[in-house]
Amino acid sequence: MIDLWFVIIAFLWTGYFVLEGFDFGVGMLSPFLGRNEGQRKQILQTIGPVWDGNEVWLITAVGAMFAAFPAWYAGFLSSFYLPLTLVLAGLIVRGVALEWRGKLEHSADRAWADVGIAAGSALPAFLWGAVFGDVLLDSGVAALVGGAFSLAVCLLHGAVFLALRTEGVVRRRARAAAMGAIVAVIPLAIVALPSIPREGDAAVWIAAGGAMALLAAGGSLIWRRREGWAFAATAGAIVLASAALFGTLAGAPLPGLTLAEAASGPYTLNVLTWIGLAVLPFVLVYQGWTYWVFRKRISAPGGAAQVQGAQAGIGQ
């Protein structure tokens, strides 16, 4: 049960990294790729129906840590109180700005909302990498490298997502942004990914190497205008990087703390397992259905491919 719940928590964190990764990237890029109001609306409508659902993965991951591994939860949150508080602040600012923006009439007010969206996306994108880099190596330098790497990957992932979901000039700018991001991602990956595995962890080394290969493939595919495959490559790279991360943490999720020491009792884990079996499939089906419904490309307001039913706070 202990190993099962560690895998479940790793899966939830991985889903969060993949889904919020492109959310963060889109938020950071929106003020720069959208040169007028119509283009900014087009950009934000790509995440309008899904961004808040993507954050559920974080809530579920942290809740599962609290229930299944209370010592890990307590040690993790108390060790990184300030950066995790800043992550929460960034998410709040971003959420308020996304909802608030569609209700504003003046361009100056919308500009402030755009700043909030970009800053509220950049802060957690950097800090999650910094936190987990510090957990792995207990080093300020590792934290900075991890933060820079996660920020660059989110920019790449978000740019590829925009190229996949938009039409016209925004699509072209998104492809150019992705090509620019890959120039930063590859050197950072060469530094960051080999630092994740520990000596003798062959599977973790393979996962880290695979993540690096998929990032390079994503850059090649976006250059060839194969946006769907490029998005699959960047998403796969995040999955493999997360697998390497949690594969390394499986031995000790925090320094001096093993999974067995961190875990709840057998009765609690058994109850959690039944709850997870009952709830998790419905969550996955609902999320899959949401992405299927909003799968079409989005044009500038008034275009033929305008997605119907975009979230009112963003699409109006």
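Predicted model: local features only at pLDDT ≥ 70, side-chain atom pairs only at ≥ 80, totals over all residues.

Biologist: Fine. How many salt bridges does the structure hold?

Modeller: There are 9 of them.

Biologist: Take R40 and D114: why is that pair called a salt bridge?

Modeller: The cut-off is 4 Å between a side-chain nitrogen of Lys or Arg and a carboxyl oxygen of Asp or Glu. For R40 and D114 the closest N and O atoms are 3.7 Å apart, so the pair counts. R40 sits in helix α2 (residues 37–45) and D114 in helix α6 (residues 107–137), so the bridge ties together parts 74 residues apart in sequence.

Biologist: How do you know whether D114 is buried or exposed?

Modeller: Buried means under 20% relative accessible area. D114 has 7% relative accessibility, so it is buried.

Biologist: Why is the pair of E227 and R175 called a salt bridge?

Modeller: The closest N and O atoms of E227 and R175 are 3.1 Å apart, which is within 4 Å, so the pair qualifies. This bridge links distant parts of the chain: E227 is in helix α10 (residues 227–249), R175 in helix α8 (residues 168–192), 52 residues apart.

Biologist: What makes those two buried or exposed?

Modeller: E227 has a relative accessible area of 3% and R175 has 11%. Both values are under 20%, so both residues are buried.

Biologist: Now the backbone. What makes the phi of D138 worth a look?

Modeller: Most residues other than glycine have a negative phi. D138 is not a glycine, yet its phi is positive, about 50°. D138 lies in the loop between α6 and α7 (140–165). At 60% relative accessibility D138 passes the mark of over 50%, so it is exposed.

Biologist: And what about the phi of R225?

Modeller: Phi of R225 is positive as well, near 65°, and R225 is not a glycine. R225 sits in the loop between α9 (202–223) and α10. Its relative accessibility is 56%, which is over 50%, so R225 counts as exposed.

Note on methods
Residues numbered from 1 in each chain as written. Heavy atoms only, no water. Helix = DSSP H or I, 4+ residues; strand = E, 2+ residues; numbered from the N terminus. Buried < 20%, exposed > 50% of the residue type's maximum accessible area, 1.4 Å probe, protein only.
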